[in-house]
Number of protein chains: 2
Amino acid sequence: MSSDRIRLASLQSKIKSAEEAASLIKDGMTVGMSGFTRAGEAKAVPLALVERAKKEPVHITLITGASLGNDLDKLMTEAGVLARRMPFQADATLRKAINAGKVMFIDQHLSHTMEMMRCGQLKKPNVTIVEAVAITEEGYIVPSTSVGNSANLVEFADAVIVEINSTHSTNLEGLHDIYVPAARPGRGPIPLINPDDRIGTPYIKVDPAKIAAIVLCDIPDSPSTILPPDDETQAIADHLKDFFLAEVAAGRLPNSLAPLQVGIGTIANAVTSGFLNSPFTDLVQYSEVLQDSTFELMDAGKLKFASASSMTLSEECGARVYGNIEKYKDKLVLRPQEISNHPELIRRLGIIGINTALEFDIYGNVNSTHVGGTKMMNGIGGSGDFARNAQIGIFVTKSLAKDGAISSVVPMVGHVDHTEHDVDVVVTEQGLADLRGLAPRERARLIIDKCVHPSYRDAMNDYFERACARGGQTPHIIEEALSWHVNLEKNGHMLKK
Amino acid sequence: MSSDRIRLASLQSKIKSAEEAASLIKDGMTVGMSGFTRAGEAKAVPLALVERAKKEPVHITLITGASLGNDLDKLMTEAGVLARRMPFQADATLRKAINAGKVMFIDQHLSHTMEMMRCGQLKKPNVTIVEAVAITEEGYIVPSTSVGNSANLVEFADAVIVEINSTHSTNLEGLHDIYVPAARPGRGPIPLINPDDRIGTPYIKVDPAKIAAIVLCDIPDSPSTILPPDDETQAIADHLKDFFLAEVAAGRLPNSLAPLQVGIGTIANAVTSGFLNSPFTDLVQYSEVLQDSTFELMDAGKLKFASASSMTLSEECGARVYGNIEKYKDKLVLRPQEISNHPELIRRLGIIGINTALEFDIYGNVNSTHVGGTKMMNGIGGSGDFARNAQIGIFVTKSLAKDGAISSVVPMVGHVDHTEHDVDVVVTEQGLADLRGLAPRERARLIIDKCVHPSYRDAMNDYFERACARGGQTPHIIEEALSWHVNLEKNGHMLKK
């Protein structure tokens with residue numbers, strides 16, 4: 001291995017095959033792994049583990065930053081490797097196993113997992129596998145395209161496996177800012193005051209003696225799978241732009257707005273792209289994942305800095321960004337997800353948080369995770385970390401799904417991830433409802449008028465009026481509150497009784 | 001007025017009758033007021049406003065710290081004074097008006113209201129009325145038995161009315177620590193590292209020219225109405241004590257535990273008293289309200305310091321504490337509720353948060369506010385501020401209510417204030433379920449076994465088993481999920497179909 005990738009010479013002897021490294025992982029172990037939304041996950045060792053599991057039983061608890069690329073969650077599920085999984089996933093095969101009760105999935109706020117592990121509330125990893133672009137002279141680990149929970153998982157593990165991935169340029173070194181909060185009691189403030197502050201080190205510190213194996217890998221990150229904006233995502237982006245224009249006009253926000261967090265996915269990407277044709281300038285992102293739209297805004301001179309925990313780019317955008325990383329490096333930082341999503345910092349910085357809802361109800365409660373109230377989609381991710389402490393907590397969704405069989409606005413959500421206390425603004429392609437300072441009955445009136453699709457509006461008005469006649473702070477006809485979900489399950493359409 | 005109560009001589013001329021001061025409040029105004037859980041609310045001026053409202057219409061938006069004593073919410077409701085009310089209340093008459101849709105009630109996290117007002121998302125008060133024990137040489141305001149939102153409401157108001165209450169000893173001066181976060185962007189960390197740190201001033205700063213009236217008042221705070229522990233609250237306290245003993249034995253907590261937040265009410269008071277007969281020492285409270293039990297623990301040498309936003313004591317305990325305030329003063333501090341409940345500090349300090357649930361479900365979602373899913377009880381208060389960011393978020397309730405017609409553990413809560421992501425431990429007199437690191441199906445098994453009353457356990461097992469047969473991360477029979485609430489409403493018992 002060239003000495004610029006493993007600069008502490010004594011570690012050269014730790015180079016092993018993926019199979020040898022995977023043999024360190026025993027049945028029943030807790031395993032930490034790098035990886036956050038298809039970026040920077042370890043690849044060769046989990047694939048070797050999958051191969052081994054075809055021959056002998058290996059069941060592990062897997063703790064990552066967030067979701068993984070390269071179909072790893074799919075392959076590990078099929079091989080029966082995953083007994084327990086946290087804190088997030090986004091894979092169709094794993095999802096099916098979770099909903100069948102075959103894999104225990106612990107769906108957590110992304111800022112919580114490492115805090116719980118630090119104070120002994122979660123089992124620490126026996127082995128942690130992290131992807132790196134290099135190991136420094138001191139034996140420290142330079143992460144690749146995500147930081148996620150890697151720094152903590154390395155700190156807490158008994159043994160560490162490093163995958164040196166040659167598909168990432170060594171120029172990524174210097175992009176990361178690793179800061180790990182101290183144990184409690186006695187912890188001080190996190191000294192980050194501006195989104196572009198650097199408060200840590202550009203590498204993950206580790207006792208080199210803990211590095212049990214180094215594996216060379218040349219499998220690239222999976223590219224993102226974002227769809228281009230359509231009419232509806234464009235309408236959502238436009239409603240939000242109008243909202244921010246009004247906030248600036250009212251003197252509540254400056255023309256640079258406030259640090260933006262935007263969730264992952266097609267709608268979120270369209271919303272971010274929407275800022276391209278806006279009068280806002282000097283925008284800043286303080287987010288958890290950067291998508292293509294971040295670099296569109298940066299290239300257009302709209303966005304001056306972006307902080308996140310990972311970068312998940314399309315093939316085209318990835319080539320452009322990673323091929324010219326020196327051009328972007330002083331405008332970017334990747335942090336541990338505990339820091340990108342930390343309540344202390346989200347509140348201090350006054351973040352505007354924009355996340356996607358699966359459905360919301362007429363009172364502004366949001367379901368981000370459970371289809372039909374029971375079946376897991378992906379997980380809450382960082383949406384709660386941001387919405388709870390944001391200056392403005394915004395949720396977006398298209399008003400209809402499944403060709404109109406589903407209204408994304410319902411009388412009562414089938415599962416609550418964000419309560420009305422944490423939700424300030426909801427948006428569909430129909431319009432935007434600004435819920436700040438409103439009582440539940442006022443929220444309902446606004447949401448029905450602004451966000452519900454016309455094909456569901458009469459039914460919703462009928463429900464709300466009959467509920468109000470019964471009374472209550474949050475009027476409901478309790479025996480009908482989930483009837484739209486029941487109709488859908490039984491008759492394939494929310495209004496078919 | 002004696003010059004030790006109004007020490008800036010030029011303000012003596014501002015002394016007015018309560019009626020004169022109340023005349024500053026016009027129909028349609030937004031009014032800020034001191035007061036947090038029956039402690040330190042302005043009294044004479046709102047009573048004068050009630051009298052005036054009997055002759056002419058006065059409808060206001062009233063923003064306080066939390067609930068009020070002296071039946072003020074009742075009297076203002078009856079007189080039609082309250083058009084809008086936030087962020088908390090605990091009055092039976094007001095509750096009825098809220099549930100009838102006559103008063104718009106905005107139920108907020110107690111740490112959020114002033115942050116929203118600061119950035120212009122809530123209307124600022126035309127007038128703020130605060131109770132004080134004195135006005136300093138500089139014209140600054142020394143609060144009484146609560147701080148609540150008073151400092152901010154004074155800062156944001158066009159005009160300020162001060163009620164000097166002679167029933168409070170001037171010895172309260174020095175008890176308070178007023179720190180107000182700066183506007184964003186550019187805000188720095190809140191420099192509080194230990195629960196007993198003092199980071200502000202012992203008074204509320206104000207431009208004396210903004211003080212429009214000073215009213216002399218001799219109406220005392222209402223005493224608290226806590227009931228003594230019964231067998232069930234004692235059992236809850238015992239389960240918690242056993243839990244903490246195990247945490248200490250496992251090395252997850254020291255023998256002084258971690259700073260404790262305990263909610264208001266009879267169960268919470270019993271839980272705190274439960275520490276009296278425990279081996280834990282050098283306990284510290286970082287809470288929002290102090291009740292009698294705090295002083296029991298302090299007198300017994302168990303508790304070395306208590307930080308909160310208000311003190312709500314029984315007549316007997318109040319006499320003992322306020323009669324000997326110098327004895328307690330170096331062990332006590334009262335802060336703005338924005339600081340007592342601040343996410344930055346709750347996470348940094350590693351608070352153990354113990355709050356009362358109205359009901360919780362088999363997956364650990366908690367309803368703190370809505371009876372039958374629709375009717376407001378009091379409000380979320382600070383329970384969400386604490387549970388979300390606590391080191392351990394604990395909810396307690398008796399397993400039965402209304403002579404067994406209600407199970408406080410249900411298949412699905414009728415309203416969600418705290419999602420399973422934020423709830424670590426649930427306790428009834430039946431037992432304690434430690435949910436940390438568990439997937440929903442595992443949580444359900446434990447909650448049913450440990451917390452559900454035996455008279456509901458078979459029905460709950462039946463529901464859960466049938467739900468699991470349908471599948472899902474959070475298995476539910478969606479058409480039955482709220483049927484216990486429907487049964488109660490229709491037939492007076494949760495299991496009567």
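How much of residues 320-463 of chain A is helix and how much is strand, and how far apart are the end C-alpha atoms? Over this stretch the chain is 33% helix and 25% strand, with the end C-alpha atoms 51 Å apart; helices (H or I, at least four residues) and strands (E, at least two) are DSSP runs numbered from the N terminus. An unreviewed UniProt entry annotates residues 320-463 of chain A as "domain: Acetyl-CoA hydrolase/transferase C-terminal"; such annotations may be inferred rather than shown by experiment, and their positions are given in the numbering used here, with feature names shortened.

The model is predicted: local features need pLDDT of at least 70 and side-chain atom pairs pLDDT 80 or more, while totals for chains, interfaces and linings use all residues. Residues are numbered from 1 along each chain as its sequence is written, chains are lettered from A and ligands numbered from 1 in the order in which they are written, and side-chain values use heavy atoms, leaving out hydrogens and water.

In chain A, three strands form an open sheet of mixed pairing in the order E17-E16-E23, where two strands pair if DSSP finds at least two bridges between them. Strands E17 (366-367) and E23 (409-410) of chain A are the edges, each pairing on one side only. Two bridges join E16 (residues 359-361) to E17 in chain A, and these strands run antiparallel. Here A:Phe360 stands opposite A:Val366.

Helix H12 (residues 337-340) of chain A holds A:Glu338. This glutamate is buried, at a relative accessible area of 1% (buried is under 20%, exposed over 50%, partly exposed in between; 1.4 Å probe, protein chains only). Beyond residues up to four places away in sequence, the residues that A:Glu338 touches include A:Arg118, A:Asn152 and B:Arg347, a contact being heavy atoms within 4.5 Å.

In helix H17 (residues 483-491) of chain B, the buried residues include B:Trp484 and B:His485. Helix H16 (454-470) of chain B is one of the elements covering the buried residues of this helix. B:Gly492 follows H17 of chain B, with a positive phi near 80°.
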